[in-house]
Amino acid sequence: MTTRLTPDELRTLFLFEALDDDQLALLAEKGEVEHRDAGTVVYAEGEPATCFFVLLNGTVAMSRRVHGDEVEVNRTEQRGVYGGATQAYIGERVAQTYLNTLRAITESEFFVLPADDIAEAVRAWFPMAIHLLEGLFFGMRATQTIVGERERLLALGSLSAGLTHELNNPAAAAVRATSTLRERVSGMRQKLAMIADGRLDGSQLHDLVGLQDEAVKRAATAPTLSAMATSDAEDAIADWLDDHDIAGSWDLAATLVAGAVDVEWLDEIAGAVGVDNLEAAVRWLGYTIDTELLMGEIEDSVTRISGLVAAAKQYSQLDRAPYQTVDVHDLLGATLTMMQAKIPKGVRIVKEYDRTLPQIPAYAAELNQVWTNLIDNALGAMGGSGTLTVRTGREDDRLTVEISDTGGGIPPEIRPRIFEPFFTTKPVGEGTGLGLDISYRIVVNKHHGDIRVESEPGATTFRVYLPIDDQDRP
C-alpha cells in the first residue's frame, strides 16, 4: 500500500517549509513514503539518478567509492536531510547519476520524489534561482577548464625555461671545450716538427709514442683529488719542471696533475727522450693529456644534453600512446630532471625506490603532471631549504608513490579543503588552486587510485595509490 504525506506534514521538513499550499499539494501528490531496513542500500553511486530522497526518520550514512573501497563521508539522523537526484534540474546537459551511495544504518523512512517531478517543480517555481545555479555550475566548470589549461601552460613554460637553462650549461661547456681543443691540436701540430726534423731516433720515437699512450690511459682514469692534494701535487710538478728549465711550469703543472702525472713518470720521459728534447716532449704529452681531458668534457656535456632531451621526451610522452604500461621510476626521474632548475641549492633530494615494483598501466604524461604538482608544492613549502623525499613502495594490490617535505606543514583547519578547486594558500597571482584538484582527478577519477596526505610541522607526505593490475581501463 502506498503511503503519502499531507501538505501540512511536508511543511514540517525544512526543505519545504517556505512553499505555498499549492506547491506542497503537488509534491504530496507526486511523492510517496518508502521504508528501508537497516543495512539496506537506498541508492548506489554511479547508478542512474531516478529519485530524490528526504529522510523522515532513522540514521543514514553517505559514502564515496575510492579504488573499490567505500569511504564514509557523512552519517546523520537529522530529519529532513536529502540526497539522490540533487542535480535533476540541470537535465540532460550533465550525466544524471547518483554521486554517492546512501545506506540505511537503522530502519529508516524516506519521502521519495521522482527525479523528473522534482526537476520540473524546481524549474517552474524558482526560475531565477535555477539560472543562478546553472550559471554557477557551468561557469565553475568552464572556469576550471580554462584556468586548468592556463595553469598547465604556465607550468610548461616554467619547465621549458628550466630545461633551456639546463641545456645551455652543457652546450656552452662543449663550445668552450671545443675552442680550447682546437688550440691544443694546433700546438700539437707545431710540436710535430720535433719528429719531422729527425732529432728523435726510432727507439726514442717508439718510447715517446708509448708514453703518449700511457698518458691517454692516465688521463682517462685520473682520480679526483682534494684541493689540498691537488695543490701539493702541482707544487711538486712545478718544482720538477723548473729544475729542468721548462718554461710556464705553473700552467703546465695543472694539466699534468689533472692527467695523473707524477714526478716519477716525468723522470721516465727525461730518460726516454734526453735533455735536449725534454721540453718539447713534455709539452707534447701535456697537449695529449689536455686534449683527452677536453674530449672527456665534451663527451660529458653531450651526454648531459642527450640525457636532458631523453628526460623531456619521457616527461612529455609525445611519441607514446596516452595509455600504456610504464615504470613509475622512469616517470619520477624524468620529472625531477625537468624540474632541476626549480630545485633550490638548499634542498636535498632523497630517493627511496623499490625497484622490485612491476610496471603499471597508466596515462604516463598525466601522472607526470601529478608528480610535478606535488613536488612543486613541496618545494614551495620548504622555502629554499630542507629535504625532499621521493619514495615508492607497494601496499596490497596497489603501488604507492610518496612525496615528502620538511616544510612547515598544512594547518589542520585547511587540510580538508586542499583538494578543492581554486583553493590556495599562495599569494594572489602565484597560484590558481587547481594543482591538487587536477592531481586528485587524474589519480582518483582517471586511474581509479587514491591520494592522501599526512602533515605535521616538519613532515608532510602526499601518498599516491595506483592500481597495479590493469582493471577496467579508465
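Predicted model: local features only at pLDDT ≥ 70, side-chain atom pairs only at ≥ 80, totals over all residues.
Biologist: At what angle do the axes of α7 and α9 cross?
Modeller: At roughly 25 degrees, with the axes of α7 (residues 227-243) and α9 (residues 263-273) coming within 10 Å. Axes are lines fitted to C-alpha atoms, for helices over the stretch in contact, and angles between N-to-C directions run from 0 to 180 degrees. That makes α7 roughly parallel to α9 (under 35 degrees; over 145 is roughly antiparallel, 65 to 115 roughly perpendicular, the rest oblique).

Biologist: Which residues of α7 meet α9?
Modeller: Ala-236, Ile-237 and Trp-240 do, and in α9 they meet Val-263, Leu-266, Asp-267 and Ala-270. Contact here means heavy atoms within 4.5 Å.

Biologist: What about α7 and α8, how do their axes cross?
Modeller: The axes of α7 and α8 (residues 249-258) come within 8 Å and cross at roughly 125 degrees. The two helices are therefore oblique to each other, and their crossing is right-handed. Residues making the contact include Ala-233, Ile-237 and Leu-241 of α7, along with Trp-250, Ala-253 and Val-257 of α8.

Biologist: Switching to sheets, in what order do the strands of the 5-strand one run?
Modeller: The order is β10-β12-β13-β15-β14, in an open sheet with mixed pairing. Strands pair if DSSP finds at least two bridges between them; helices (H or I, at least four residues) and strands (E, at least two) are DSSP runs numbered from the N terminus. β10 (346-352) and β14 stand at the edges with a single partner strand each, so one side of each has no neighbour in the sheet. On average, neighbouring strands of this sheet are turned by 15 degrees against each other, direction ignored.

Biologist: How many bridges join β12 to β13?
Modeller: There are 7, and those strands run antiparallel. Helix α11 lies across β10, β12 and β13, at about 165 degrees to β12.

Biologist: Which residues touch the most other members of the largest nonpolar core?
Modeller: Among them are Trp-371, Leu-374, Ile-375 and Leu-388, in a core of 39 residues. Such a core is a set of buried Ala, Val, Leu, Ile, Met, Phe, Trp, Tyr and Cys residues joined through side-chain atoms within 4.5 Å; buried means under 20% relative accessible area (1.4 Å probe, protein chains only), exposed over 50%, partly exposed in between. The largest share, 9 residues, comes from α12.

Biologist: And what does Ile-375 touch?
Modeller: Leaving aside residues up to four places away in sequence, Ile-375 touches Thr-335, Leu-336, Met-339, Leu-388 and Ile-403. There is also a second, separate core of 32 residues, which includes Leu-24, Leu-27, Val-33 and Ile-118.

Biologist: Where is the bridge partner of Val-33?
Modeller: In β8, at Phe-111. β1 is joined to β8 (residues 108-114) by 5 bridges, and the two run antiparallel. They belong to an open sheet of 4 strands, ordered β1-β8-β3-β6, with antiparallel pairing.

Definitions and conventions: Residues numbered from 1 in each chain as written. Heavy atoms only, no water. Left-handed = near helix turned anticlockwise from the far one by under 90°.
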